[in-house]
Amino acid sequence: MSRLTVPKTYKLYVGGAFPRSESGRTYEVTTPKGGFLANAAQASRKDARDAVVAARSAVSGWAGATAYNRGQVLYRIAELLEGRRAQFADEIVQSEGVSASAAAAQVDASIDLWVWYAGWADKYAQVAGNANPVAGPYFNISVPEPTGVVAIIAPQQATGASLLGLAAVVAPAILTGNTVVVVAHERAPLSAISLGEVLATSDVPGGVVNILTGSPAEIAPWLAAHADVNALDLAGAGDLEWVDLQIAAAETLTRVLQPQPGIPAPSLDRIGAFVEIKTVWHTKAMR
Amino acid sequence: MRFLEYAPAPESAAILNLKAEYGLFIDGEFVDGRGEVFDTISPATEKVIARIAQADERDVDRAVAAARRSYEKVWSRMSGSDRGKYLFRIARLVQERSRELAVAEALDNGKPIRETRDVDVPLVAAWFFYYAGWADKLEYAGLGPNPRSLGVAAQVIPWNFPLLMLAWKIAPALAAGNTVVIKPAETTSLTAMLFAEILQQAELPAGVVNIVTGPGSTGQALVTHDDVNKVAFTGSTGVGRMIARSVAGTNKKLTLELGGKAANIVFDDAPMDQAIEGIVNGIFFNQGHVCCAGSRLLVQENVHDEVIDRLKQRLSTLRMGDPLDKNTDIGAINSAAQLERIRTLSDVGEEEGAERWTADCVIPDKGFWFAPTIFTQVSPAHRIAREEIFGPVLSVITFRTPAEAIAKANNTPYGLSAGIWTEKGSRMLALADQLRAGVIWANTFNRFDPSSPFGGYKESGYGREGGRHGLAAYLASGGWDAAGGAAAGSRSASRAVTSGAKSGATKEQRKATKKAVAK
């Protein structure tokens, strides 16, 4: 006699908590063949704004943490993912309809990607910063700092992206101290919310990563035009009216990374897209 | 003769050998523009200095085509060391003709010769000298083993540091292997024309640098041109916003260096003599026409009265007048329009309840002048505390604790620069961490160096000019992202995409662009 399973309720992940959409809306998540998987929360404009508020309030703590600390926190995510490989692979098989081995490869790639970025946390400033030999008696140094709140549209392609795509955009943004609001894969959001559970039980402070499920087309314009969003990553927005999003972002000079095909490869450029270089001059004098 | 009164010591304009009229500089030649020729005047006397050609859309098109040709046929194929040698030549020619350039700049811009001679022009030479050395070392710039030039750079610069901004734009662009079409500000084209002569003396290949003069519409035609790969703009946040919209949906790389409302924070333990000089230099340097000017003085409450008294005393010794006089500290406001804006905002300051003090200066009969002005009793909500005045007007705000200073300093949509005055090093560093601005000066202000990156946070724009980071603004990284070292599994699953840049804007995107620009 088989046991009756206990299905999970998939909600948003905002400010370290798992709220339903304030709109009360849900949408049906299915297998590629149409089988019912879950009712996911369909985030609204208000949810997006709440997420930005949560992200903003988390900036000072996260950006103020030591780089060593952030690196360990990111590595901790990889550790927890490793322990839940089976669950993630299972969700990928169900929602993407891919083979078990392809799903396992995606989970492995995601874990390795977190490890790769984790290692950058306390090195990036050394590579991206500079001591500058100015012509005068000044100590002059340039360092990268997080830009603040980054809104992200996660990669949306049919296969291979539901977990890896999310990691590929979230990890490079948060490792320098940014906080993010990320709109998950619309059709296959289960891995994203399960990742939220991992984040909630890892040492990532609440509000550093906020995950919205629902329609990127509906949510993205509110995030793009939001004055308290410092940067916009359109990685997965290729099928949206993304030029309008970039135009909206220009209103407050929001930094924009344009859509790109495929899943963003691990890269320093991606880290650098969401930092500001600060240069400090200090007078040198004996007295 | 009263105390502090000096006999005039004007620098002679005889060193200049100006033409009555200057054309556009396209493909190595001076050519006529299709637009209406306009006057460039001295803001100190309102006398016409020369007539300047105006480029219309077709002229811009011709300039971009020349830049494209020379990029493809000459500049992108030339060795880095040869590109560097041209830049070294330019640096030397600027040094050789520095007196002439300094005089021309003071005449055309209205800023004092003391500044053009000691700041603007030496920095211009330094900028070319610095970037010259990068031209054959791009693989060490931190962008991977094979950084690539972008192509044709469209550059639009402001009137406050005409030749210096030109150098900030052209030197890194050329070092990185790009060609350039640059548009000087409408009121300050003169030194760009002299610079064109220098390029001819340097025998820089035709088309590598093209200069189109004219008003905002010329600049708009340039930055929205379909065949440019890079847009670099220094100017107002309003125009920067428009440009950011106009490049949306294209693969043009964009850097924007926009407005500011910098806080200059003075603690009670500051080295007071230096601080007073620093405050003066922070806001009255270049008549306050400085995007990174320390226009908000945040002074600790217990030293407020002392600082203000000493400031007033110091300002009373500044000499305003003939920009060409070597004794002049404060020159002319660059244009009638800018003077009007400064007057308007200053009047608003009084209307909103701030207390105005103006240095007792003799205002010349002709030209555009505004005496150094301090507003006290300013609230952070006042317009003079929020809006960029871009003139010799200082708004004074008090604070009690470092936390309050940080909160007030960051309470602005801008984030270009900030100053900190304290003898306590640990507090200086902690404060520097907390200030959201791209350049922080501690116990100094308004220092610039080609090796030092400059640029803003938030609505002060993005991208950096100067240093390695300024070079990166003109390069695409090449080589390492895909091979970045992530574990093999990640590489196969992520179907590594080396570059997100799309091959070009689609027709729809261009339409969207036009729409955006029209807004």
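These are my notebook entries on what I looked up in this predicted model.

**Ground rules.** I number residues from 1 along each chain as its sequence is written, and I letter chains from A and number ligands from 1 in the order in which they are written. Since the model is predicted, local features need pLDDT of at least 70 and side-chain atom pairs count only at pLDDT 80 or more, whereas totals for chains, interfaces and linings use all residues.

**Entry 1, a sheet in chain A.** I looked up an open sheet of five strands and found the order S7-S6-S5-S8-S9 in chain A, with parallel pairing. Helices (H or I, at least four residues) and strands (E, at least two) are DSSP runs numbered from the N terminus, and two strands pair if DSSP finds at least two bridges between them. The edge strands are S7 (209–212) and S9 (255–257) of chain A, each of which pairs on one side only. From one strand to the next, the twist averages 15 degrees; axes are lines fitted to C-alpha atoms, for helices over the stretch in contact, and angles run from 0 to 180 degrees between N-to-C directions.

Within this sheet I followed S5 (residues 149–153) of chain A, which runs parallel to S8 (residues 231–233) of chain A and is joined to it by three bridges. Opposite Ala151(A) stands Leu232(A) in S8(A). Helix H6 (residues 164–174) of chain A packs on the sheet, where it touches S5, S6 (179–183), S7 and S8 of chain A, and its direction makes about 165 degrees with that of S6(A). Here two residues are in contact if their C-beta atoms, placed from the backbone, lie within 7 Å.

**Entry 2, where the chains meet.** How many residues does each chain bring to the contact? I noted 51 residues from chain B and 48 residues from chain A. On the side of chain B that touches chain A, several elements each supply at least two residues, among them helix H8 (237–247), helix H14 (425–434) and strand S18 (439–442) of chain B. By class, that side of chain B has 22 nonpolar, 19 polar and ten charged residues, with Ala, Val, Leu, Ile, Met, Phe, Trp, Tyr, Cys and Pro counted as nonpolar, Asp, Glu, Lys and Arg as charged, and the others, Gly among them, as polar. I also saw that strand S10 (residues 275–283) of chain A pairs with S18(B) in the parallel sense over four bridges, and that Val280(A) stands opposite Ile440(B) in S18(B).

I checked the length of H2 (residues 80–96) of chain B: at 1.5 Å a residue its 17 residues should span 24 Å, and its end C-alpha atoms are 24 Å apart, which agrees. The expected span is 1.5 Å times one less than the number of residues. The buried residues of H2(B) include Tyr86(B), Leu87(B), Ile90(B), Ala91(B) and Val94(B); a residue is buried if 20 or more other C-beta atoms lie within 10 Å of its own, exposed if 12 or fewer, and partly exposed in between. What covers the buried residues includes H3 (98–109), H4 (113–134), H5 (162–175) and H6 of chain B. Phe128(B) touches Leu87(B), Ile90(B), Ala91(B) and Val94(B), among others, not counting residues up to four places away in sequence.

**Entry 4, strand S13 of chain B.** Five of the five residues of S13 (residues 296–300) of chain B are buried, so the strand is largely enclosed by the rest of the structure. Arg296(B), Leu298(B) and Gln300(B) point one way from S13(B), while Leu297(B) and Val299(B) point the other way. Strand S12 (residues 263–266) of chain B runs parallel to S13(B) and is joined to it by four bridges, and the bridge partner of Val266(B) in S13(B) is Val299(B).

Is Asp27(B) buried or partly exposed? Asp27(B) is partly exposed, with 18 other C-beta atoms within 10 Å. Phi of Gln287(B) is near 55 degrees as well, but Gln287(B) counts as buried, with 33 C-beta neighbours inside 10 Å.
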